[in-house]
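Subject: A structure for you to explore

Hello,

I am passing on a structure for you to look at. Open it first, and then read my notes below with the model on your screen.

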Amino acid sequence: MIDSHVHIGGEAEGFIMNEELVLQSMENYGVDISIVSNADSVEYGDDLVMLPKEKQVNQEETLARIIRFCRENPGKIYGAFWCKPNHELLTERIDEMIAMNRDIIVALKVHPFLSNLSFSDGKMVSYLDMAVKHHLPVIVHTASDSNSSPMRVYEMACRYPQLNFIMAHMGLGTDNKLAVDLMEKAENLYADTTWVPVETTLEVIRRYGSERVMFGSDNPIDGVNTYACNPLGEPSVYQQYFGVLKEMISQEDYENLMEKTARRVFGIA
Ligand SMILES: [Zn+2]
């Protein structure tokens, strides 16, 4: 089983997510592989006030921490490079680090909300060109704000037909309808299940097949038991993904959703 949407870092944003929590929760809940990005790359707070200088961590450092985590856990942890497109340029050093670690760095991660930058902004171009060069799929946080709208991802999916784009959350805080409908218009648009109701995932499978959607969770954003419940003890949506969903779709679809789509899209052998 693969979780395609896992984090470490992000202390400046108030998150408590680290390597130990990721490994412990994977063991507790039977997750074999996690694709991890480092939230130390956030550029703005939730209030869209830019983080002060002393709280900013540069891209090279955030990528280096991911690479370390992957190398210490071969076959178990893969990395997504969370870029800082609003305030940092893509350096040669970053390009080199990705080239040298392409076996474990399997995606580019973009968070338009916490970068306070539209996903279709011109500042994205050098990063997406880099993704083309290294054949990296692009994971994009999508939500109800204009910067993170699934529409922006669709626009870039049209401009970059050679890249695959994963719409994380399928529009967080929305009814997911826009994201689901856009998948019809661009075959290089994929979905992840992070905070997505099971009903939406079933609709994606029904309309486009289980090759277009992959399991993701934001683990360990709610602590070591994110897969089961939030800190208040309220059950998480993932209990359904681990439980009842198995009986609602074919075994083949379930395997695609929980493992094989991610394996194929991220090129994990
Ligand atoms: Zn996330």
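Let's start with the metal site: in sequence, the donor residues of the zinc ion follow the spacing H-x1-H-x210-D. Please keep in mind that this is a predicted model. The protein donors are His5 and His7, each through NE2, and Asp218 through OD, and they lie 2.1 Å from the zinc ion. Are His5 and His7 buried or exposed? Both of these histidines are buried.

Next, the sheet. Eight strands form an open sheet in the order E1-E2-E3-E4-E5-E6-E7-E8, and the pairing is parallel. Strand E1 (2–8) and strand E8 (213–214) are at the edges with a single partner strand each, so one side of each has no neighbour in the sheet. In general, strands of a sheet pair through backbone hydrogen bonds, in a parallel or an antiparallel way.

Which residues of H1 (residues 19–29) are buried? They are Glu19, Leu21, Val22, Ser25 and Met26. These residues cover an arc of only 165° around the axis, so they sit on the same side of H1. On the other side of H1 you will find Glu20 and Glu27, which are exposed. The buried residues of H1 pack against E1, E2, helix H2 (59–72) and E3. Now look at the two ends of H1. Asn18 caps the N-terminal end, with a side-chain oxygen 3.1 Å from the backbone nitrogen of Glu20. After H1 comes Gly30, which has a positive phi near 70°.

Now for some backbone details. Most residues other than glycine have a negative phi, and most peptide bonds are trans. Asn116, in the loop between E4 and H4, has a positive phi near 50°. Asn176, in the loop between E6 and helix H6 (177–182), also has a positive phi, near 70°. How exposed are they? Asn116 is partly exposed, with a relative accessible area of 27%, whereas Asn176 is buried, with 4%. There is also a cis peptide bond, which joins Asn219 and Pro220 and has an omega of about -5°. Pro220 is in the loop between E8 and helix H8 (238–242).

Finally, please visit Tyr160, in the loop between helix H5 (150–159) and E6. Why does Tyr160 count as buried? Its relative accessibility is 7%, and buried means under 20%. Leaving out residues up to four places away in sequence, Tyr160 touches Val125, Leu128, Asp129, Val132, Phe165 and Asn188. Tyr160 and Leu128 are 32 residues apart along the chain, and their C-alpha atoms are separated by 8.2 Å. With Asp129, Tyr160 makes a polar contact of 3.0 Å between side chains.

Enjoy exploring!

Best wishes

Methods
Residues are numbered from 1 along each chain as its sequence is written. This is a predicted model: local features need pLDDT of at least 70, side-chain atom pairs count only at pLDDT 80 or more; totals for chains, interfaces and linings use all residues. Side-chain values use heavy atoms; hydrogens and water are left out. Two strands pair if DSSP finds at least two bridges between them. Helices (H or I, at least four residues) and strands (E, at least two) are DSSP runs, numbered from the N terminus. Donors are N, O and S atoms within 2.8 Å of the metal (3.2 Å for Na, K and Ca); water is not among the atoms, so sites may look incomplete. Buried means under 20% relative accessible area, exposed over 50%, partly exposed in between (1.4 Å probe, protein chains only). The arc is that of the directions from the helix axis to the C-beta atoms. Contact means heavy atoms within 4.5 Å. A polar contact is a pair of N or O atoms within 3.5 Å; within protein, one must be able to donate a hydrogen and the other to accept it, and residues adjacent in sequence count only if both atoms are side-chain atoms.
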